[in-house]
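This briefing goes through one protein chain by topic. Please keep the sequence and the structure in view while reading.

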Amino acid sequence: MLATVPATLWAQAALAHVQQGGAAGLLAGLQHPLSGLDHVLAMVAVGLWGAQLGAPAIWVLPVAFPLVMALGGVSGFFGLQLPGVEIGIAASAIVLGAAVAFEVRPPLVIAALVVGCFAIFHGHAHGTELPPGQSALLYSMGFVIATGCLHALGIGIGTFHRWSWGRRLLRSAGAAVTAGGAFFMWKAFS
């Protein structure tokens, strides 16, 4: 019985040294989408548009975006070139914001394709900015979780569309996202 005590203590000490940089990778991933207003605007707009479109788009768009974004992230991790990433990110805010501002109601598959196309640019940007020495898996989990939270924020705001003042609020929010996207597009070409 006493012989197992050192073995047990030794095993716990070994478990105390989990993958170095793991927690830092998760935290870096959680922080990355929040570090750029261009990302925040587009990701909140996905939730706004989903809420505005109603079921099933309220769930399909915020699920499609992170799934495709993760694929874009993998392409960034592996160093695959994607031209115009900053332009694509700025365009995402312009188009998604305009979709909310003008209450665009395309078929669900078209809305999901639009969201998915823009998600590739966001994911690629996240993937190319993996901090050195950190877990790509945990970093990816972090930026997908943060993206989901931003979508949820947009959905939460978007639920106000039930009331006439809420529809005006959403349309104004969409216009603000579009204006922010136009600013980032200007910066991308400067």
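## Briefing

Proline 56 sits in the loop between α3 (37–53) and α4. The peptide bond that joins alanine 55 to proline 56 is cis, with omega at about 0 degrees. The model is predicted.

**Overall make-up**

- The protein chain has eight helices and zero strands.
- Along the sequence the pattern reads α-α-α-α-α-α-α-α.
- Of the 190 residues in the protein chain, 43% are buried.
- Taking contacts between residues at least 6 apart in sequence, 85% join residues at least 24 apart.

**Packing of α5 and α8**

- Helix α5 covers residues 85–101 and helix α8 covers residues 164–189; their axes come within 7 Å and cross at roughly 160 degrees.
- An angle over 145 degrees counts as roughly antiparallel, so α5 is roughly antiparallel to α8.
- The crossing of α5 and α8 is left-handed.
- On the α5 side, the contact is made by Glu86, Ile87, Ala90, Ala91, Ala93, Ile94, Gly97, Ala98, Val100 and Ala101.
- On the α8 side, the contact is made by Leu170, Arg171, Gly174, Ala175, Val177, Thr178, Gly181, Ala182, Phe184, Met185, Ala188 and Phe189.
- By class, the residues of the contact of α5 with α8 are 16 nonpolar, four polar and two charged.

**Packing of α5 and α6**

- Helix α6 (residues 108–128) packs with α5 at an angle of about 140 degrees, and the two axes are 9 Å apart.
- Roughly antiparallel requires an angle over 145 degrees, and α5 and α6 are therefore oblique to each other.
- The crossing of α5 with α6 is left-handed.
- From α5, the residues in this contact are Val85, Gly88, Ile89, Ala91, Ser92, Val95 and Leu96.
- From α6, they are Val114, Val115, Phe118, Phe121, His122, His124 and Ala125.
- The contact of α5 with α6 divides into ten nonpolar and four polar residues, with no charged residues.
- Ala91 of α5 takes part in the contact with α8 and also in the contact with α6.

**Loops on either side of α5**

- Leucine 82 belongs to the loop between α4 (57–77) and α5.
- The relative accessibility of leucine 82 is 26%, so leucine 82 counts as partly exposed.
- Apart from neighbours within four places in sequence, leucine 82 contacts Ile120, Phe121 and His124.
- Leucine 82 and phenylalanine 121 are 39 residues apart along the chain, and their C-alpha atoms are separated by 7.9 Å.
- Phe121 and His124, contacted by leucine 82, are also among the α6 residues in the contact with α5.
- Glutamate 103 lies in the loop between α5 and α6.
- Although glutamate 103 is not a glycine, its phi is positive, at about 50 degrees.
- Glutamate 103 has a relative accessible area of 27%, so it is partly exposed.

**Aromatic pairs**

- The structure holds seven aromatic pairs.
- One of them joins tyrosine 139 and phenylalanine 143; this pair is edge-to-face, at 5.5 Å centre to centre and 75 degrees between the planes.
- Both tyrosine 139 and phenylalanine 143 lie in helix α7 (residues 136–158), four residues apart, which is about one turn of the helix.
- Tyrosine 139 has a relative accessible area of 1%, so it is buried.
- Phenylalanine 143 has 0% relative accessibility, so it counts as buried as well.
- In phenylalanine 183 and phenylalanine 184, the ring centres are 5.3 Å apart and the planes are at 70 degrees, so the pair is edge-to-face.
- Phenylalanine 183 is partly exposed, with a relative accessible area of 42%, whereas phenylalanine 184 is buried, with a relative accessible area of 15%.
- Phe77, Tyr139 and Phe143 are linked into a cluster by ring pairs.

Definitions and conventions
Residues are numbered from 1 along each chain as its sequence is written. This is a predicted model: local features need pLDDT of at least 70, side-chain atom pairs count only at pLDDT 80 or more; totals for chains, interfaces and linings use all residues. Side-chain values use heavy atoms; hydrogens and water are left out. Axes are lines fitted to C-alpha atoms, for helices over the stretch in contact, and angles run from 0 to 180 degrees between N-to-C directions. Helices (H or I, at least four residues) and strands (E, at least two) are DSSP runs, numbered from the N terminus. Angles under 35 degrees count as roughly parallel, over 145 as roughly antiparallel, 65 to 115 as roughly perpendicular and the rest as oblique. A crossing is left-handed if the near helix is turned anticlockwise from the far one by less than a right angle, and right-handed if clockwise. Contact means heavy atoms within 4.5 Å. Ala, Val, Leu, Ile, Met, Phe, Trp, Tyr, Cys and Pro count as nonpolar, Asp, Glu, Lys and Arg as charged, and the others, Gly among them, as polar. Rings of Phe, Tyr and Trp (its six-membered ring) pair if their centres lie within 6.5 Å; planes under 30 degrees apart count as stacked, over 60 as edge-to-face and the rest as tilted. Buried means under 20% relative accessible area, exposed over 50%, partly exposed in between (1.4 Å probe, protein chains only).
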